[in-house]
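Please read them with the structure open.

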Amino acid sequence: MRRFNPPYNGHRFLLNKNTGEIHDLDRETAYCRINDINPGHIYTSDSYLSCLIYAKAEHCPNPNGCFYCQPEKDKG
Ligand SMILES: [Zn+2]
């Protein structure tokens with residue numbers, strides 16, 4: 001479910017900078033626990049690639065897709 005308030009701003013993809021996990025808010029599951037992510041750890045974008053590039057540039061640990069909402073991009 002997309003959220004239109006900050007820090008989400010209606011974007012589709014959300015990176016948890018603390019874990020490197022990237023979520024697809026259009027396919028979000030309850031297991032993603034988006035509402036529990038510290039707003040200070042959130043980066044959002046309309047593209048998965050942009051979240052990945054940001055995560056690598058910021059040296060986030062293990063950037064990859066969420067096991068629950070992007071299993072095809074989950075690399076463990
Ligand atoms: Zn997820």
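1. For four tetrahedral donors the ideal angle is 109.5 degrees. Keep in mind that this is a predicted model.

2. Is histidine 23 buried or exposed? Its relative accessible area is 5%. Buried means under 20%, so histidine 23 qualifies. Cysteine 32 is also counted as buried, at 7% relative accessibility.

3. In what order do the four strands of the open sheet lie? The order is 3-1-2-4, and the pairing is mixed. Strand 3 and strand 4 (64–65) are the edge strands, each pairing on one side only. Helix 1, residues 48–57, packs on this sheet. The helix touches strand 1, strand 2, strand 3 and strand 4. Its direction makes about 20° with that of strand 1.

4. Strand 1 and its partners. Strand 1 and strand 2 run antiparallel and are joined by four bridges. One of the pairs sets asparagine 16 against glutamate 21 in strand 2. Strand 1 also pairs with strand 3, again in the antiparallel sense and over four bridges. There, phenylalanine 13 stands opposite serine 45 of strand 3.

5. Side chains of strand 1. Which residues of strand 1 point one way, and which the other? Phe13 and Leu15 point one way. Leu14 and Asn16 point the other way. All of these residues are buried.

6. The hairpin turn. Four residues separate the strands in the hairpin of strand 1 and strand 2. Within this hairpin, glycine 20 takes a positive phi near 85°.

7. The parallel pair. Strand 2 and strand 4 pair in the parallel sense, over two bridges. Isoleucine 22 stands opposite glycine 65 in strand 4.

8. Salt bridges at aspartate 26. How many salt bridges does the count come to? The total is seven. One of them pairs arginine 2 with aspartate 26, with the closest N and O atoms 2.8 Å apart. This pair links distant parts of the chain, 24 residues apart. Arginine 2 sits in the segment before strand 1 (13–16), and aspartate 26 in the loop between strand 2 (21–24) and strand 3 (42–45). Aspartate 26 also meets arginine 12 in a salt bridge, at 3.5 Å from N to O. Arginine 12 belongs to the segment before strand 1 and aspartate 26 to the loop between strand 2 and strand 3, so this pair ties together parts 14 residues apart in sequence.

9. Arginine 2 counts as partly exposed, at 31% relative accessibility. Aspartate 26 is partly exposed at 43%. Arginine 12 is partly exposed too, with a relative accessible area of 28%.

10. Lysine 73 and glutamate 72 form a salt bridge, their closest N and O atoms 4.0 Å apart. Lysine 73 is partly exposed, with a relative accessible area of 27%. Glutamate 72 is exposed, at 51%.

11. Tyrosine 8. Where does tyrosine 8 lie? Its place is the segment before strand 1. Tyrosine 8 is buried, with a relative accessible area of 9%. Leaving aside neighbours within four places in sequence, tyrosine 8 is in contact with Arg3, Leu14, Ile34, Asn35, Ile42 and Thr44. Tyrosine 8 and isoleucine 53 are 45 residues apart in sequence and 18 Å apart in space, C-alpha to C-alpha.

Conventions. Residues numbered from 1 in each chain as written. Predicted model: local features only at pLDDT ≥ 70, side-chain atom pairs only at ≥ 80, totals over all residues. Heavy atoms only, no water. Buried < 20%, exposed > 50% of the residue type's maximum accessible area, 1.4 Å probe, protein only. Salt bridge = Lys/Arg side-chain N within 4 Å of Asp/Glu carboxyl O. Pairing = 2+ DSSP bridges. Contact = heavy atoms within 4.5 Å. Axes fitted to C-alpha atoms, helices over the stretch in contact; angles between N-to-C directions.
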